[in-house]
Amino acid sequence: METLILQPTKENYKLAATEIKNGGLVAFATETVYGLGADAFNKKAVEKIFLAKGRPNDNPLIVHFSDIADIEKAAILTPMAIKAAEFFMPGPLTIVLQKKENLPNAVTAGLNTVGVRIPSNKTAQEFIKECGTGIAAPSANTSTKPSPTKAIHVYDDLNGKIKYILDGGECEKGLESTILDLSSDKIRLLRQGAIPIEDLESVLGKIEIISKSEKPLSPGMKYRHYAPNAKIIVFNSGEKIKILNEYFKLKQKDTPIRVLGVWNNNQIKMLKEAGVDLKDFVLFCSDQDYAHNLYAELRQSDKLNTEIILCELVSNIGIGCALNNRIFKAAGQE
Ligand code: TXA
Ligand code: MG
């Protein structure tokens, strides 16, 4: 089967929705990363997702809807869930709630809770509306690879395994949704993501952050993730001189190398004066820009046969928390 990349037109939404209704898989753009969708209420279709990705079947899927009212098809809404939904949905937030009986266990890997999310991206919205059902969808990458933020990334991983990819351009955020567990009376953060925890706390109150030593509550977090073939060396935010020293050391050995980080104009001037090869440097202008492009640049590094990537962290503020988390994970350090 040759995989087709579909432009987001009315006819193509219909085509994609028909594939879902027939129990097939369709990859689609969201504001975070591309998802690999199936009808959440069709057990056989959901099982195909695990096969296509090579995903362990103890790792549950998020169910996507186009409207808050539809969440009740799969989960039990609590007052706190309604508050979170009203403030942050549609948007890059997933909430974990008690699941309803009729949702197949294959979606939740046997858990009695389910993650639900309402994407704000237009392609995702139109597609889900056209399907008229909940769409179970993990990120549309092969397991352990960086999440896809462009249609071509999905194609590179899943060509021949699915019929359609709904192209919605580059994902605006570039990192996955933030996941909150609202299934008990506490609010717990299960995964850092595109909505900063500060924003969530300002509306919902104190959020409990699970320490690393505790059993991961989000099963997916125990697996190696977001990893390129290259080895990643992580540097603290601001360690520009240290990065440059390492760069020149590796350059002397002719190691294929790339450097990722946020650089301002003065620092770029310094780079030029130091005589680096600017082709080796991916210069982001902000943390948002870094988050938006991180996964794409990890994939690009593989295409260039990069052996070592020097990744500079950012401050742990706003989107920086999720970005640093993904850099550590890509480096295999978390
Ligand atoms: O932004 C996103 O969330 C993207 C787009 C496509 O929506 N999806 C995504 O899905 O990142 P995935 O499958 O790659 O990551 C979902 C994470 C996994 O770590 C999984 O273990 C966790 O959510 N999860 C899903 N259901 C859960 C549940 N009931 N309890 C705890 N964790 C859950
Ligand atoms: Mg994923």
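Strand E6 gives the largest share of the shell around ligand 1, namely 4 residues. Strands here are DSSP runs of at least two residues, helices are H or I runs of at least four, and both are numbered from the N terminus. This is a predicted model, in which local features need pLDDT of at least 70 and side-chain atom pairs pLDDT 80 or more, while totals for chains, interfaces and linings use all residues. Residues are numbered from 1 along each chain as written, chains are lettered from A and ligands numbered from 1 in the order written, and side-chain values use heavy atoms, without hydrogens and water.

How many residues surround ligand 1? There are 28, and Thr32, Asn59, His64, Ser177 and Gly220 are the closest. To count, a residue needs a heavy atom within 4 Å of the ligand. Strands E4 (62-64), E6 (113-117) and E10 (188-191) each supply at least two residues of this shell.

Now the polar contacts, meaning pairs of N or O atoms within 3.5 Å. Oxygen atoms of ligand 1 lie 2.5 Å from a polar side-chain atom of Ser177, 2.6 Å from one of Asn59, and 2.9 Å from a side-chain N or O atom of Arg117. Taken alone, ligand 1 exposes 680 Å², and the protein buries 97% of that (Shrake-Rupley method, 1.4 Å probe).

Last, the helix. At the start of H9 (residues 265-274), a side-chain oxygen of Asn264 comes within 3.1 Å of the backbone nitrogen of Asn266. After H9 comes Gly275, with a positive phi near 80 degrees.

Definitions and conventions:
Polar contact = N/O pair within 3.5 Å; in protein donor to acceptor, adjacent residues only side chain to side chain.
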